[in-house]
Amino acid sequence: SRVPHPAINRVAELMTRLPEFDSSDWRLIRDACRSSLPRFDIVLLGMGCSQFGERWEANDEDLMVEAFEEATKDAGVERHQIEAAWFGTAIEDQHVGKSGVPLAMTLRLPYIPVTRVENYCATGTEAFRGACYAVASGAVDIALALGVEKLKDTGYGGLPQRGRGNLNNLYWPNLSAPGSFAQLATAYSAKHGVDRGDLKRAMAHISVKSHDNASKNPKAHLRNRITEDDVLNAPMVAEPLGLYDCCGVSDGSACAIVTTPEIARSLGKTDLIGVKACQIAVSNGQELQYDEWDGSYFATTRIAAKRAYQEAGIKDPRNQVSLLVVHEDLNISAEGKGIGDVLDGFYDSAGSVPCQIDGGLKCFGHPIGASGLRMLYEMYLQLGGRAGERQTGDPVFGLTHNLGGFPSQNVSSVTIVGRLGA
């Protein structure tokens, strides 16, 4: 007696050709389902973020509670209303340990499913994606995503290099993040004919801008202002990257609670902020093992960004995206023209598309499991007009981007949030 969904009719039609099926027919079925099935809106009900930095006085549980309490207060819900949780932490053996148990015990969650995820620097975004998909599927009404990393107590000056599997233990001692990303900067310069002086000035502009933005952010790790001369005269880490071009290690946690628009409104929420797109692309070996990749860009980011724009219905990202908190390569600037846009102030706080308005990875800090959610936290504040001294007008769409790993082998995530109905 029920009227079949249009997608079912289309699948039934295609199934009559079953003996003749090939891969293109299966793609037709997939596309028919995607185009016909309804899309369920997901909204940010509340968010929270701990103070980032060298948190010697706090352990990982303290950081989780700090972010969670802000998020639940902001959302107007109690812990018993949360039906599922996703827990992101990247180097768990150095602090919280395995499984979802540390989150459930720390927050005293009411015997709900807790899934621990890890996906390099996209770990926080991966936790957020899981929570969004749970609500979108109808499996739960309210879901939690929380990321944390507590690395300053481990005894390492940078990221711990052991305990990430036998393969990594064999080859990572000869690899560093500054070294690999410096190679990408050099390849970019060579491909696009960028003068080294212009490259250094553009990178210095980014660092100065990030420090200036972070000086207005009470939760940022590095809040000191610097000058272009400070950057250009700093010790070299990996040519052409100097000290101020590199990100430090921070402790911190961030948290998001998501639900449906109907539930949010029933809780008295207005001016809802929706999740427009959440895409992740993972290297499959082509960059590392084939000649077609020239080392000057992130293949995964281009793919994730393209999918995210399509999912969000954004056709002209340079003019439609209001704010960015990113790593790299999002098709906002034309290929090879990013340096010019940086030096022209296009990405400054008063520019056309403000970028790293919270201080970014460079200055807000980078506790790996929390970073993706921390980026969304700034978009959430900006879109709600609650960013205080950092507020940038009246934004409509905010985009965040995480990239974990190395240029030749990485995980890239692109998330777009914006006003519901925009």
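Predicted model: local features only at pLDDT ≥ 70, side-chain atom pairs only at ≥ 80, totals over all residues.
**Strand β4 and its partners**
- A143, A145, G147 and E149 point one way from β4, while L144, L146 and V148 point the other way, and all are buried.
- In general, side chains in a regular strand alternate between the two faces of the sheet.
- Strand β2 (residues 84–88) runs parallel to β4 and is joined to it by five bridges; here G88 stands opposite G147.
- Strand β7 (residues 252–259) runs antiparallel to β4, with seven bridges between them; A256 in β7 is the bridge partner of A145.

**Helices α5 and α16**
- Helix α5 (residues 123–136) packs against helix α16 (residues 368–383) at an angle of about 65 degrees, and their axes are 5 Å apart.
- From α5, T123, G124, T125 and F128 meet I368, G369, G372, L373 and L376 of α16.
- This contact involves four nonpolar residues, five polar and no charged.

**Aromatic rings**
- The whole structure holds three aromatic pairs, one of them the edge-to-face pair of F52 and F364, 4.8 Å centre to centre with 75 degrees between the planes.
- F52 lies in the loop between β1 and α3 and F364 in the loop between α15 and α16, so this pair ties together parts 312 residues apart in sequence.
- F52 is buried at 2% relative accessibility, and F364 is buried at 1%.
- F346 and Y347 also pair edge-to-face, at 4.9 Å centre to centre and 85 degrees between the planes.

**Charges over rings**
- The charged end of R318 sits over the ring of F346, 4.0 Å from its centre.
- R302 lies over the face of Y297, 3.9 Å from the ring centre.

Key: Residues numbered from 1 in each chain as written. Heavy atoms only, no water. Axes fitted to C-alpha atoms, helices over the stretch in contact; angles between N-to-C directions. Helix = DSSP H or I, 4+ residues; strand = E, 2+ residues; numbered from the N terminus. Contact = heavy atoms within 4.5 Å. Nonpolar A, V, L, I, M, F, W, Y, C, P; charged D, E, K, R; others polar. Buried < 20%, exposed > 50% of the residue type's maximum accessible area, 1.4 Å probe, protein only. Pairing = 2+ DSSP bridges. Phe/Tyr/Trp six-rings, centres within 6.5 Å; stacked < 30°, edge-to-face > 60°. Lys NZ or Arg CZ within 6 Å of the ring centre and 35° of its normal.
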